[in-house]
Amino acid sequence: MAIARQVLCVCAFLSLPHAGAEPIRYSVAEEAESGSLVGKLAEDAGLTPAQLSARRARLVSDDGRQHFRLDRASGRLVVAGRLDREELCGQAASCMLPFELLLAEPLQFFRVEVALEDINDHSPLFPEERVSFDIVERSDPGSRFPLEVARDLDIGSNTVQAYSISPENEYFSVSYGTRLTGKKYLELVLEKPLDREEQAEMSFSVIAEDGGSPSRSGTTQIKIIILDVNDNAPVFSEEVYIGQVLENMPEGSVVLTVLATDQDAGVNGDISYQLSQAVGQGDSAFVIDPKTGEIKLTKPLDYEAAATHELSVRARDGGGLSAICKVLVEVVDVNDNAPELVVSSFSSPLPENTVPGTVVALFSVRDRDSGANGKISCALEDQLLFSLRPAYKNYYELVTVSALDREETAQYVLSVTAADAGSPPLTTTQTFTVDVSDVNDNAPVFSQTSYTMYVRENNVPTVFVGAVSAADADVGLNAKVTYSLAPAQAAERPRCSCISVNSENGHVFVLRPLDYEHLRQTEVTVVASDAGSPPLRANVTVRLVVLDENDNAPLVLYPGQESGAASSELVPVSAEAGYLITKVVAVDADSGQNSWLSYHLLRATEPGLFTVAVQSGEVRLRRPVTDRDSVKQKLVVLVRDNGQPPLSATAALSALLLKDFSDVRLPHSSAATEEQDGSLTTYLIISLVFVSLLFLISAAVFVARKVCRRKELQAGHVLYGADNLQSGLADAAAAGTLPRAYCYEISLTTGSGNSEFKFLKPILPSLPPQHCATGQGPEEGQDFPCVPVSTEDMAPDNPGTLSARQFNALSFD
């Protein structure tokens with residue numbers, strides 16, 4: 001679209017000489033009413049009214065005054081205001097008002113000339129309302145007395161055509177005409193001699209009448225004073241005096257001097273001078289010395305207002321006779337007018353994406369001086385983005401020459417200087433302030449390439465964790481930034497829904513409490529969008545780091561704390577100081593110093609016997625075991641983290657101080673355990689059958705044996721071997737003290753910290769209650785002693801498992 005407009009502008013510019021070759025001419029009578037039709041300008045220019053509006057038609061004139069108005073709706077040229085031909089053109093024979101019809105987009109000019117026709121709107125006017133003549137009696141008939149001709153500002157037939165005397169008298173008549181020099185004259189002609197004794201003075205009127213229809217007239221009063229004889233009138237040395245004066249001459253400067261002589265002597269030869277100015281030239285700028293005839297300035301002259309001044313000087317002698325001469329004063333132009341710059345159109349603001357070659361301003365220049373003083377040149381101050389180019393006649397265009405950038409410069413102040421060629425030259429500077437309007441050509445820019453924000457776990461909902469900030473170099477809506485979270489892409493994992501961003505200020509909030517142990521950090525993408533059309537966007541990554549709080553107590557992994565009974569570790573009594581008993585293993589779900597664990601011995605049966613490594617949790621002997629130390633040692637180890645405040649957990653341990661610990665054997669494989677379980681089952685079945693057959697026979701023997709057995713246990717005797725075990729079971733069945741018999745197996749593993757009891761099915765259901773504990777020591781082939789166990793000693797949650805009280809009651813020789 002912009003390229004097409006430029007092509008049309010070029011075509012219109014190329015056609016300008018053709019358009020200006022033949023001006024469009026009209027004529028209109030002066031004093032026509034405002035709105036009077038002058039002509040159909042659009043039709044004569046080959047345009048339609050629609051084109052006038054579309055191309056922004058307007059009228060421009062050299063002097064800047066608009067005498068006519070263009071009606072765009074109809075295309076007619078009408079009178080804009082009162083037109084006075086005499087004011088506009090003076091006494092010129094023709095009055096032509098030129099102007100141009102200016103069309104923009106594309107640029108085109110049409111020269112228009114309107115001839116202003118004169119109407120009879122001025123009456124003849126004499127320079128003097130009253131004229132007095134002193135006429136000597138006995139003057140010869142035919143004597144002539146000059147008068148100032150009446151001036152009529154109209155021209156042609158509307159000017160003065162005839163003079164007459166009213167009332168008519170027999171002594172005087174009027175004579176008027178044009179001399180060979182082209183000067184008009186008016187004279188009173190004495191028709192017969194005067195007689196002072198009969199009539200000392202007389203008065204009448206001289207009437208000037210123009211040729212208009214209806215005609216107009218002007219009158220001057222003539223007073224005749226009859227004197228004694230004065231027969232010589234003053235005579236000027238020149239009929240026409242011509243003088244030149246610079247328009248900047250100061251007040252009081254002498255323009256020229258007129259000189260008249262009179263051959264009479266005495267009073268009749270004394271001459272005085274009077275000055276009168278031509279009609280229509282306003283207040284006189286001249287004054288004459290009545291004695292010397294020097295004509296001086298009363299105010300500075302203006303060449304541009306009037307290039308010449310016409311004056312009349314009357315020389316009168318003491319006898320009443322007079323003579324008139326004409327004085328022409330030519331004003332010489334000086335360079336006293338600076339160039340004038342008239343702006344026809346100006347476009348501001350300009351969008352920053354304006355294409356080069358766009359017309360910013362159209363203006364014309366003129367200078368009221370003449371010659372070299374009126375010759376004008378225009379220049380634009382140093383400017384890389386704008387230039388001046390001539391358009392038509394004295395018109396210039398201010399255009400762009402390269403792309404604009406509002407973010408670099410939002411406003412341009414352009415100074416156009418018009419200078420004339422006078423000496424010294426005068427200049428005029430016109431300033432154009434061009435604002436550049438914003439276009440959304442800048443996306444928001446974040447203040448950081450990425451953001452990292454921190455929040456402590458277990459935070460309160462909607463906690464403020466930070467803010468993102470983006471700036472937009474544009475202005476207005478194009479710079480208004482809103483923030484939002486970018487949706488997760490299909491290939492990405494779903495982002496955390498716990499983060500929210502304020503769309504207005506970019507504040508980032510965490511919507512719900514976070515758990516460091518489940519979420520340590522997450523990333524979201526924040527989008528900053530401006531409000532332009534179309535909007536521009538920028539993305540930034542926000543990384544939310546969850547800071548750990550000490551909200552998790554240590555968790556003891558070993559020894560296990562699930563069962564009610566504490567773990568038991570086997571310690572040989574021969575162990576030296578530093579002997580490793582076991583190791584407490586604990587973890588903390590927190591991180592950093594909140595997960596740094598320390599181990600402390602909280603309680604112990606013999607506090608001085610054990611020591612716990614603070615860092616590793618290793619439980620060792622502080623000193624060697626003595627006979628005074630209890631076989632069953634209970635320890636409570638405190639596990640504490642390094643948080644503020646610290647959290648802790650406890651681990652309960654049991655240690656058994658064993659003699660001859662080297663003979664204790666523990667199973668090394670599951671195959672051995674299964675083999676032992678199978679042998680034991682066979683023995684139990686055989687014993688059950690055997691006991692069932694001999695139950696009735698052995699009842700009495702069983703009771704006696706039971707009593708003996710109890711005494712042996714109290715005495716601390718220990719029975720070893722499988723034969724003894726089988727015999728004991730048979731005796732217990734014979735005694736009949738327990739309704740059912742149970743057999744327990746102890747599996748003890750060095751360093752494991754666990755003592756596990758298993759029970760088998762009853763061997764003889766009808767046998768008296770007797771419990772047998774059997775286990776494998778560190779070496780195969782050795783059994784633990786059988787110990788009677790009562791029903792109340794069983795663990796309440798597992799009938800087949802020994803309680804902690806019963807286990808602690810075990811003693812070993």
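Student: Is Glu-105 buried, partly exposed or exposed?
Tutor: In this predicted model, Glu-105 is partly exposed, because its relative accessible area is 41%, which falls between the cut-offs of 20% and 50%.

Student: Where is Glu-105 found?
Tutor: Glu-105 sits in the loop between strand S6 (96–103) and strand S7 (108–117). Its phi is near 55°, a positive value in a residue other than glycine.

Student: Where is the place of Asn-458, and is it buried or partly exposed?
Tutor: Asn-458 lies in the loop between S33 and strand S34 (463–467). At 45% relative accessibility, Asn-458 counts as partly exposed.

Student: Let us step back. How many helices and strands does the chain have?
Tutor: The chain has 9 helices and 52 strands. Of its 813 residues, 42% are buried.

Student: What about contacts along the chain?
Tutor: Taking contacts between residues at least 6 apart in sequence, 69% join residues at least 24 apart.

Student: You mentioned S33. Which sheet contains S33?
Tutor: S33 belongs to an open sheet of 4 strands, in the order S33-S40-S39-S36, with mixed pairing. Strand S33 (450–456) and strand S36 (481–485) are the edge strands, each pairing on one side only. From one strand to the next, the twist averages 30°.

Student: How do S39 and S40 run, and how many bridges join them?
Tutor: Strand S39 (residues 521–530) and strand S40 (residues 537–547) run antiparallel and are joined by 9 bridges. Within this pair, Ala-528 stands opposite Ala-538 in S40.

Student: What is found in the loop between S39 and S40?
Tutor: Pro-534 is found there. A cis peptide bond joins Ser-533 and Pro-534, with omega about 0°.

Student: Where else is there a cis peptide bond?
Tutor: One joins Tyr-558 and Pro-559, also with omega of about 0°. Pro-559 lies in the loop between S41 and strand S42 (567–572).

Student: Which residues make the nonpolar surface patch of about 320 Å²?
Tutor: That patch is made by Leu-555, Leu-557, Val-585 and Val-587. Strand S41 (555–558) and strand S44 (585–587) are the elements that give two or more residues to the nonpolar patch.

Student: Why does Val-585 count as partly exposed?
Tutor: Val-585 counts as partly exposed because its relative accessibility is 32%, between the limits of 20% and 50%. Val-585 is found in strand S44.

Student: Which strands form a hairpin with 5 residues between them?
Tutor: S11 and S12 form that hairpin, and Gly-182 in the turn has a positive phi of about 90°. Strand S11 (residues 172–178) and strand S12 (residues 184–190) run antiparallel, with 7 bridges joining them. Ser-173 stands opposite Val-189 in S12.

Student: One last residue. Where is Leu-388 found, and what does Leu-388 touch?
Tutor: Leu-388 is in strand S28 (residues 386–392). Leaving aside residues up to four places away in sequence, Leu-388 touches Phe-363, Cys-378, Ala-379, Leu-380, Glu-397, Leu-398 and Val-416. The C-alpha atoms of Leu-388 and Leu-398 are separated by 4.8 Å, and these residues are 10 residues apart along the chain.

Student: Is Leu-388 buried or partly exposed?
Tutor: Leu-388 is partly exposed, with a relative accessible area of 22%.

How values were computed: Residues numbered from 1 in each chain as written. Predicted model: local features only at pLDDT ≥ 70, side-chain atom pairs only at ≥ 80, totals over all residues. Heavy atoms only, no water. Buried < 20%, exposed > 50% of the residue type's maximum accessible area, 1.4 Å probe, protein only. Contact = heavy atoms within 4.5 Å. Pairing = 2+ DSSP bridges. Axes fitted to C-alpha atoms, helices over the stretch in contact; angles between N-to-C directions. Patch = residues over 30% accessible without salt bridge, like charges linked within 9 Å, V, L, I, M, F, W, Y side chains within 5 Å. Areas by Shrake-Rupley, 256 points an atom, 1.4 Å probe, with all protein chains shown as cover. Salt bridge = Lys/Arg side-chain N within 4 Å of Asp/Glu carboxyl O.
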